[in-house]
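Biologist: I'm new to this one. Can you show it to me and walk me through the packing?
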Amino acid sequence: MKFKTLALALILTFTILASFKPSLGNNENKVGNQIDLKSFVPTTKNKNLTLSEEDGSIKLVFKLNDESDLVRLLKNNVTVEASYKNLIQAKVPANALPKIFNSSFILFFKPPSKAIPFAIQSEGVNSIQANLLHLQGVFGENVKVAIIDLGFDISNPEIQSNIVEYKSFRADEDITGGSLENLRHGTACAEILIDVAPKAKLYLFNFETDIEFLAALDYAVNIGVKVISCSIGFVNVGPYDGTSYIDEAVDEARAKGVLFVVAAGNEALEHWSGNFKDEDGDGFHEFYLKDETNEFLAYKGSIIRVFLSWNDWPYSNIDYDLYLLDESSNLIAYSNNPQTGFQPPIEEILFVSPKTSVYRIVIEKTGGEGNAKLHLFNFDFNLEHYVESESLTCPAEAKGSLTVGAVFFATKDIESFSSRGPTDDGRIKPDLTGPDGVSTSSYGLSNFFGTSASAPHVAGVATLLLSVNPNLAPDQIQSILEKGAIDKGALGKDNIYGSGVIDAFKAYNLIKEKRTLEIHAHSIGFQYPNEPSEELDVEIMVNYVSDGLTRNEIVKPISKILVDYGTEASLKIISELTNYSLVEWDDYGIGRVKTQELKLFMNEDKIVIAYFKLLEAFNASKKAILTIHAHSNDFQYPNEPPNEVKAKILINYFEDGLEKSVEKEPIFQVSADYNSIAKLTVTSIPSGFSWLEWDNYRFGRTSSINLTVFVDEEKTLIAYFKPEIEETNMQKDFSLSISPQTQFFFPGQTINYTIFVSSINGFDSEVTFNAFDLPPNSTAQFYPQLIKPNASTTLMLRTSPVTPPALYTIRIIASSNDNIVKSIEAHLEPAVIPSFKPESIISSFIIIIIFHIISLRRRRKL
Amino acid sequence: MRKFFKYGLLIAILSSLMISVIIAQKSFFTSFEGNKKPEKLENLLQKLIEVYSKGENAESFAETNGIFYKEGKVRVVIELINEQANIPEGYGVVIEKRYKNMVQALVPIENLEALSKSPLVKFIRIPKEPILMMKLV
């Protein structure tokens, strides 16, 4: 009886204790409020928040889940002073604060914003000499700038009048970002940008996830913003070599003419990278010498975020696991995603620190062959063993990003935490550094630290330059900003400061500088520096930028034009010459270009020469052969078709001084007088084709069916026709078949399957192939990758010596541009090698002996 | 008698060798799982489904692990096999945002596993959240 009671008591005690086991989810929920609560404790340091002397209450603004939650707030003896939708300004008794702060219906709270008698300006403005541009009337007027961040206070008086559009890409469409931290961050970045470029047109977009970020970026590009400032980063989304899906989106934005300015990150002391090392063979990574743990100190209530990835993207078969130990080396959190060839190479731990304590990170290898290079990020807490280099987050390492590190505004020295390059593919990053530790109304005086603060300073300067010269392309702006930067650290561009600290005034002076464009036109008989006594009398249309304005001017050589530094100029011959024909441009330094229109980047003084060939006098005895073809557009030179298109072409030309005319189906040739004119016309187009264009031998394509050529050499002229696709009511489709469907393999062997694509109802789009569910450690390639039906491709499946010999079903997915997707299975079975097991031999031997003895006894009885 | 025993022994040895080959072949096939069930669901999502299937507190598990799970639906990113592919019908998927072949969507938890097996789906994962580059000093 006593034992039963004792056992019951023990069970009860255990149950009660278990029910009090701290739940990470609940803690995580409270974290935002705990941090906020700490910062709102009414002290002399927090001037925004004071206890009322009358009744000891505190004035706060609450954002509720819903307007109807006001009833729940009122139950806490609060006095509502004003409200707007779900924003409530109320006086709260001090003793009711803890209960209210932990209420689930409150999204966040903050002290009321007070009208600011004078604007708070970032100290960075003077530090980077943007104030000198303001004195010259340069304010970033009319330049569209987007800030992509987590949340915004669109009523903030510092930025309100600049906002042209704001849009939330979050699923809940909450522009505030759902937390005070998000609200402050985006707003502070916008404040800095407006401090630097006070007349910029501001577009504010917020998001919560990677896909929402990409959607926001896409939107910003499509509405024509010129600069994007982004003070966020991602980890574990891909390798840190500029090839992740986020990097690719940034590269695309840049290609479309948008300068994407991004914070480098603050992880120099919170990052470790290097190859996995396990010299003692116990499976655990050695961070430094024989130390298998990497320690850090975290405060009570703070969120520990540890991210591990390794260079085996996109799907890894090297398996590493991540552990978090407490100060007594007890396991308290872990991430053990399997990596068996089908999963990305990532592990992540989120944990709320229950007390201020030392924690230890451990990495274990649990599977796979070979060792990978690791990247470990431990946000907000400095690591015992850290690696400063390669500590950029994504998309700071993107090729298309202008990446900004942080220097303290007063000293212009690098912040110890500012992330460093190079990228994993060896490019120098950051590109520039900008000031931090500056004042904003969101974070208070001199309190906004991190590369988050630096990036909008640089984006602001880019905006100022664009207001002076709207024709600057992203490459040109970056080139000017880097050239105008104050070089610090190692001489030239380095992985700590980039090209140096941004300087608005120096960059401005660079674009105010002019470069000379000198234009010549010569006979090709005079090659530089052998100058002719006279230039050719030709008219050249020059398109260039001067004082920020685009100009078109017709000039005659020799001409000198003053052009804005760092802009693009283009030149085109517009005269029709009777005695000369243009051969090529010498575009100064780059080489010779056979083009009608020459484009130049004016980052230095340039001399350009148009070279012409003197046409010989008419000579009936000298001939040039013209060869005329008619091709389907499917066959482009030098991919020749087996047959010509049955079109008819009329050619009028001169032979022995007499005008002649021939109309034929290609291929045919005519022998024309040298230095004469020949005219060609397509007179008949066969059914099943439509007209496309002439290929005018070295001088490009023309869509007219009439072509005029000057006979100064032997020429091949091709008329291109486009095959017409027959309209049909039947659904176009394709089918797949495979041969053989099942094959046998030995590990390490390469196996080929042939996949046939058959057209149904005239389907003729390109089909691309992917193979999934491959055996471990094997690769698949299709030769060719793209085919048009009816055709076949070969799947070459390379297994590895360590591929387990088992049954596999490989899925082959074929998809076309018009969204038709088909799949087919290929089977792989291990080739059988007879093997002998001692135990099976012995057991079967015993069975046979028994059978033998029994049969022997039977024989005896008989 | 001795002759019979002698041949019997020979037959026994040969038979045992044959049987051992058959047994060895059988074990050869069954000793590996092969790739019959490649996982196209992020590990945490698999664990969430497991918690849900056991009737345990899926909401709590989701919250602890930073997964958005509300009214039986999980917010995920569905990576399709290419940009042309569309989300397969019949799984109750509510699309929130799309970028190229990646679709952010709410998916009923009971349909997640089946959706991942569609040939149009390459992988299903939890959306990635950004890090603010503001430094607390």
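Biologist: Which residues touch the most other members in the largest nonpolar core?
Modeller: A:Val261, A:Val461 and A:Leu465 do. That core has 205 residues. Keep in mind that this is a predicted model.
Biologist: What gives the largest share of this core?
Modeller: H10(A), with 10 residues.
Biologist: And what does A:Leu465 touch?
Modeller: Leaving out residues up to four places away in sequence, A:Leu465 touches A:Leu472, A:Ile477, A:Ile480, A:Ala507, A:Tyr508 and A:Ile511.
Biologist: Back to H10(A). At what angle do H7 and H10 of chain A cross?
Modeller: Roughly 35°. H7 covers residues 180–196 and H10 covers residues 451–468, and their axes come within 8 Å. The crossing is right-handed.
Biologist: Which residues make the contact?
Modeller: From H7(A), they include A:His185, A:Cys189 and A:Ile192. From H10(A), A:Pro456, A:His457 and A:Val461 are among them.
Biologist: How many residues of that contact are nonpolar, polar or charged?
Modeller: 9 are nonpolar, 4 are polar and none is charged.
Biologist: New topic, chain B. Which residues of helix H2 are buried?
Modeller: B:Leu45, B:Leu48 and B:Tyr52, in a helix of residues 43–53.
Biologist: Why are they on the same side of H2(B)?
Modeller: Because they cover an arc of only 55° around the axis.
Biologist: What covers them?
Modeller: The cover includes helices H3 and H4 and strands E2 and E5 of chain B.
Biologist: Which exposed residues are on the face turned away?
Modeller: B:Glu50 and B:Ser53.
Biologist: And what follows H2(B)?
Modeller: B:Gly55, with a positive phi near 75°.

Notes: Residues are numbered from 1 along each chain as its sequence is written. Chains are lettered from A and ligands numbered from 1 in the order in which they are written. This is a predicted model: local features need pLDDT of at least 70, side-chain atom pairs count only at pLDDT 80 or more; totals for chains, interfaces and linings use all residues. Axes are lines fitted to C-alpha atoms, for helices over the stretch in contact, and angles run from 0 to 180 degrees between N-to-C directions. Helices (H or I, at least four residues) and strands (E, at least two) are DSSP runs, numbered from the N terminus. A crossing is left-handed if the near helix is turned anticlockwise from the far one by less than a right angle, and right-handed if clockwise. Two residues are in contact if their C-beta atoms, placed from the backbone, lie within 7 Å. Ala, Val, Leu, Ile, Met, Phe, Trp, Tyr, Cys and Pro count as nonpolar, Asp, Glu, Lys and Arg as charged, and the others, Gly among them, as polar. A nonpolar core is a set of buried Ala, Val, Leu, Ile, Met, Phe, Trp, Tyr and Cys residues joined through C-beta atoms within 7 Å. A residue is buried if 20 or more other C-beta atoms lie within 10 Å of its own, exposed if 12 or fewer, and partly exposed in between; C-beta atoms are placed from the backbone. The arc is that of the directions from the helix axis to the C-beta atoms.
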